[in-house]
Amino acid sequence: MKRILRKASVLLMASAMLLAYSCSDDNTNEGGGNGDGGNGGTTEVDPLLFENGTQLGNGDAEYEFKGKYTLKKGTYLMKGWIYVTEGSELTIEPGTVIKGDKETKASLIVERGGKLIAQGTASEPIVFTSEMEPGNRRPGDWGGIILCGRAKNNKTVMQIEGGPRSEHGGDNDADNSGVLSYVRVEFAGYPFNPDEEINGVTFGSVGSGTKVDHVQVSYCNDDSFEWFGGCVNAQYLIAYHGWDDEFDTDNGYSGKVQYALSVRNPRIADTSVSNGFESDNNADGAATSPFTSAVFSNVTFVGPIGQDPAFMNESSYINAGDVNPNNGSKLGQFQAAMQVRRNSRLSCFNSVAMGYPVGVIIENDKGSTTQDWATNGLLKLRNIYFAQMTILGSDKNKSFVNESAADPSQPSFSATFFQKPENNNTVLTNISDLMLRQPNSLQASPNYGPIAGSPLVGKTGLFTDPMLSGFEEVDYIGAFKSDSDADNWTLGWAEFDPQNKVY
């Protein structure tokens, strides 16, 4: 989603219940319960209890808090839009469950100079989810999580996408917005206006001092993860059954991401067409610096094709099934595993993608020269396996034929580039040729790891490219070394049936 949005006027509603707290010697407020909300139920978080909390406006109120605050382990209901202001720090203890209020479009926004310390564990992840009962949860039940920092982007200072007042951007690439580790974000993306949603997790110019690992976004009503500028690095990300794109990179994002899993529900796609990667330098395609130059390695993309024999890339099939929120969000079609356009220089290595209508789109839209970056080695797609793509590549958005944008009668640049020998990429006919244990998310106990004998394992020389400096060097393609529990980094903290999870 790339839109300039208005400043929100409806923010945080006052809570009906108060959150008990005490002050410690370091002037940090500590609130919460005993692991079950303090009384066996759910506690509503009242921001007026945050240290030096300030109420702004009348009627439809805006709330923020200043100071340091620790949310003790428990189950809470978050109402409205809560801002963690400059100089403030919100710490959330492991095992905490925060349910987003639907009526007030609950969201957590960390502003420049603020910090969110959400450090869960494998056995006690921190969960942001819908307030609805099991079986009744839908994409867009609440807002989402937004982190804003002072790292560089190619628009200098920007207002964050999704409606909040907050700006992001600066000149401190080492900026620290806190910790997001062993965290789940479920059913986010409430559309506060038509076609104006918050992403599951949004990073606005977030710096490299921020820690991001083991984060799962499930059933988001917009993009699962989106980066606007910044250089924060990340490991172990899961984008599961999202509505729009999985990993969206814009405005000069230059971080490094290793070990990521993208899984589509074949009945959920956005009207804008849904991709695994969607990457722009900026919305107007300008060749402004810093360029979007993120580097991804060891990504597994599980597309819609192959998960259901009845799959059709059309509205008669793509209807969101029993998770359609009926909130005005528009359904559409699936497009590409990887779409790089508008002067982006995103690169991807050592990854596997399967079951998309289009494998790759490298597009010169809006007057950009994206294909030149690929030709000149500033955009790289190397050591990648594609399996069961309807077509290998296209040079034009929403074109599902293997054609050049300049001359539709000619093969696409994208397909030709992908198959260059120096890129060492492989195209397989069937998903089964990858020899994955169970890559179908519509069946019980999915397992996206390769079995013994898979062409994805036992590799050498995968990390010789200078772009991969700083990455962990492994000997396999994709997000997982094998199908064994020992190599399954999702175990313990991830959840692949959040509709029915009891919190």
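Q: What ground rules apply here?
A: This is a predicted model, where local features need pLDDT of at least 70, side-chain atom pairs count only at pLDDT 80 or more, and totals for chains, interfaces and linings use all residues. Residues are numbered from 1 along each chain as its sequence is written, and side-chain values use heavy atoms, with hydrogens and water left out.

Q: OK, where is Arg137?
A: Arg137 sits in the loop between β13 (126-130) and β14 (144-148). Strands here are DSSP runs of E, at least two residues, and helices are runs of H or I, at least four, numbered from the N terminus.

Q: Is Arg137 buried or exposed?
A: Buried, at 2% relative accessible area. The cut-offs are under 20% for buried, over 50% for exposed and partly exposed in between, with a 1.4 Å probe and protein chains only.

Q: Which residues does Arg137 touch?
A: Not counting residues up to four places away in sequence, Arg137 touches Ser130, Met132, Phe187, Pro498, Gln499, Asn500, Lys501 and Tyr503. Contact means heavy atoms within 4.5 Å.

Q: And which backbone oxygens does the Arg137 side chain reach?
A: The side chain of Arg137 reaches the backbone oxygen of Met132 at 3.0 Å and the backbone oxygen of Gln499 at 3.5 Å.

Q: What surrounds Asp175?
A: Leaving aside neighbours within four places in sequence, Asp175 is in contact with Gly149, Arg150, Ala151, Gly207, Ser208, Gly209 and Thr210. Asp175 lies in the loop between β16 (167-168) and β17 (178-186).

Q: New topic. Which residues touch the most other members in the largest nonpolar core?
A: Of its 67 residues, those are Leu116, Phe225, Trp227, Leu237, Phe247, Phe296 and Met338. A second, separate core of 37 residues includes Phe187, Tyr236, Leu436 and Val474. A nonpolar core is a set of buried Ala, Val, Leu, Ile, Met, Phe, Trp, Tyr and Cys residues joined through side-chain atoms within 4.5 Å.

Q: How many aromatic pairs are there?
A: The count is 24, taking rings of Phe, Tyr and Trp (its six-membered ring) with centres within 6.5 Å; planes under 30 degrees apart are stacked, over 60 edge-to-face and the rest tilted. Phe225 and Trp227 make a stacked pair, at 6.1 Å centre to centre and 15° between the planes. Phe225 is buried at 0% relative accessible area, and Trp227 at 1%.

Q: Which cluster do they belong to?
A: One aromatic cluster, formed by Phe203, Phe225, Trp227, Phe247, Tyr253, Phe277, Phe296 and Phe301.

Q: What about phi at Asn343 and Lys366?
A: Asn343 has a positive phi of about 70° although it is not a glycine, and Lys366, also not a glycine, has a positive phi of about 55°. Asn343 is buried, at 3% relative accessible area, whereas Lys366 is exposed at 51%.

Terms used: Polar contact = N/O pair within 3.5 Å; in protein donor to acceptor, adjacent residues only side chain to side chain.
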